[in-house]
Amino acid sequence: MAEVEETIKRIQSQKGVQGIIIVNAEGIPIKSTLDNSSTVQYAGNVHQLLMKARGMVRDIDPQNDLTFLRVRSKKNEIMIAPDKDYFLIVVQNPTE
Amino acid sequence: MRVVNLACSLPPVPCVTPPAAPSRTLQWDTDPSVLQLQADSELGRRTHRLGPSKITQVDFLPREVVSYCKETQTPLAAHQSEDEEEEEEVTEQKAGPENDLQEEEESKDTKEGHPRELTEEEKQQVLHSEEFLIFFDRSIRVMERALAEDSNIFFDYSGRDLEEKEGDLQGGSSLSLNRLFYDEHWSKHRVITCLDWSPQLYHPLLCSLSLSHLSPVSTLLSSYFQYPELLVASYNNNEDAPHEPDGVALVWNMKFKKTTPEYIYHCQSPVVSVGFARFHPNLLVGGTYSGQIVLWDNRSHRRTPVQRTPLSAAAHTHPVYCVNVVGTQNANNLITVSTDGRMCSWNLDMLSQPQESMELVYNKSKPVAVTGMAFPTGDVNNYIVGSEEGTVYTASRHGSKAGICEMFEGHQGPVTGISCHSAVGPVDFSHLFVTSSFDWTVKLWSTKQNKPLYSFEDNADYVYDVMWSPVHPSLFAAVDGMGRLDLWNLNNDTEVPTASVTIEGAPALNRVRWAAGGKEVAVGDSEGRVWIYDVGELAVPHSEDWAHFGHTLMEIRANHGDGEEEGPVELAT
């Protein structure tokens, strides 16, 4: 729907936001505001990290589940909102 | 495991046949060695002869031990690669180049992981699917909040100069701007018609919590009540955008810094009044220009109303400027009044027809054109309405005097806002109410007499709304068409407002609402903006304020002594 487009555009225009990627459960990017190679790179890496993180959380407590993941690095911050079928990745530069 | 079967010369017990029988019978044991033995024993029973016997080798498979281990969420790809690695090790070094090739291929597979790409069509399909939209709605909400919090956890205080944050500190008693809520798409060119804060109920039992199987975000917001930071604003139509829905209601969140509404709702007709349904945690009630009452539900992902009243003569056919949910958890009704004088009482579970309706007429003449309605604190039967002619009436829902009771004359222009005294304290002032009108005044009344107690004439334009503070007995706020927000503290001064501020740009201010805690004031203007002002020390009540207000009232009455007509009745409560 157009609302999805609109919302993505609005978030993209917020200060500091570098890119938004929506990936499905298999790690295939569905929508992205970054170029193709970066998208594929992010999607693949984030997917692996997500699986590991989720596995870790479930391993420590099987009743628990992963709800949000934030990776803070020197240059930017990657925020991942996972779900059963999809996950949303937003890359931002928080100090901007 | 091998079982060695050694047969001895003694005949096996279950297989013995009486020796007298001449015929030999074959027993179930078909082992030839045993048969042989039997035969032997038959003929020469007395002679015991030991001889070698055939050994039977029986192989039993080892018992299968079934074990269950904890399932871990490791992906198939990783598993496969692990297996492949093991295989590689086991097979050792075969032909060198072959192995290398194999390795390369596998590593390529695992590195790429998902060589399959979705086609455009598939992507579009996914983007339009229902579950995707639900996921998107939820995740974007969380993400926006996370983006808006710009707490820099790495901030180093030693190396930087801290900018002194100069807030709008004008001493403790004044107003300072806290936030501005405005949405480019939905607020632009629309007038704010109504505001309502989420009610703060003091009984935790009345707050219904959602089930744990919902995702964390929707669990958080599925009950409005525990979250007094939510504010709903309703908007008129946007004349510049005829294709957009005419009526919009946005739910804003004070708690997080994100600048977009928490929820967006719209409907076909301009929404002229809106409110949180007090005893139904997920519902928002809206009254529209067409007379329809609409119900929005935040549990559904639709932005359009989940329920609507019919547009029939049984319900309303004129704009509904007043919607109010009164009663208790178990027995509550939605009361709506439209500008043709019709009052309807509804059950929120069934909006297809009103439970009861009546025409509000005064003295059996023409109906009252109601522009505002208010219920005194704790009263569910009697209420006060303001009309377009400038007269204020009290009315009751049930009883022998159902309908309009008393008439209060005083205003010379349409009444725009009514507010009943709501601060609870040692002294009961619930008979007091204030009204605002197009005649540039705000008047203070008591339900016990039909002339105003006092008239506040500090404004130079239409006064659009007025509201008593929910916590302070002598404080109320008023807004007018010149962009002025006034706070009157009657204990302090009755001639001029104690605090006053002009909103940036001086737009006409249409609505004012105190937050449930009495510390913030929300003001809606004609440009679609909601301004939240913090009221400092001024809003905090002290225990002596009630007694002080009692004195103030006596003074007011004394000064206003001449020309006062003692009102005939005390209304039956």
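Predicted model: local features only at pLDDT ≥ 70, side-chain atom pairs only at ≥ 80, totals over all residues.
B:Trp440 is partly exposed, with 42% relative accessible area. B:Trp440 lies in the loop of chain B that runs between β19 (432-437) and β20 (442-446).

B:Ala506 sits in the loop between β25 and β26 of chain B. With a relative accessible area of 39%, B:Ala506 counts as partly exposed, because that class covers values between 20% and 50%.

In chain B, four strands form an open sheet in the order β22-β23-β24-β25, and their pairing is antiparallel. Which strands stand at the edges? They are β22 and β25 (499-502) of chain B; each has a single partner strand, so one side of each has no neighbour in the sheet. From one strand to the next, the twist averages 15°.

The pairing at one end of this order can be followed in detail. Strand β24 of chain B, residues 484-489, is joined to β25(B) by four bridges, and the two strands run antiparallel. Within this part of the sheet, B:Arg484 is found opposite B:Thr502 of β25(B).

The other end of the order brings in charged side chains. Side chains of opposite charge can pair when their charged atoms come close. B:Arg511 and B:Asp465 form a salt bridge, with 3.6 Å between the closest N and O atoms. This pair links distant parts of the chain: B:Asp465 belongs to strand β22 (residues 463-468) of chain B and B:Arg511 to strand β26 (residues 509-514) of chain B, 46 residues apart. Are these two residues buried or exposed? Both B:Arg511 and B:Asp465 are buried.

How many salt bridges does the whole structure hold? Over all chains, the search finds 19. One of them connects two chains: the side chains of A:Asp83 and B:Arg138 meet in a salt bridge, 2.8 Å from N to O. On the chain A side, A:Asp83 is in the loop between β4 (77-82) and β5 (86-92), while on the chain B side B:Arg138 is in helix α5 (residues 130-148). The two partners fall into separate classes of accessibility. A:Asp83 has a relative accessibility of 17% and counts as buried, because the cut-off for buried is under 20%. B:Arg138, at 22%, counts as partly exposed.

B:Glu262 pairs with B:Arg141, and their closest N and O atoms are 3.6 Å apart. Here too the pair links distant parts of the chain, with B:Arg141 in helix α5 of chain B and B:Glu262 in the loop between β4 (247-253) and β5 (263-267) of chain B, 121 residues apart. B:Glu262 is buried, at 4% relative accessible area, and B:Arg141 is buried as well, at 9%.

These two residues do not stand alone. Which residues are linked with them in a network of salt bridges? The network consists of B:Asp137, B:Arg141, B:Arg145 and B:Glu262.

Terms used. Residues numbered from 1 in each chain as written. Chains lettered and ligands numbered in written order. Heavy atoms only, no water. Salt bridge = Lys/Arg side-chain N within 4 Å of Asp/Glu carboxyl O. Buried < 20%, exposed > 50% of the residue type's maximum accessible area, 1.4 Å probe, protein only. Pairing = 2+ DSSP bridges. Axes fitted to C-alpha atoms, helices over the stretch in contact; angles between N-to-C directions.
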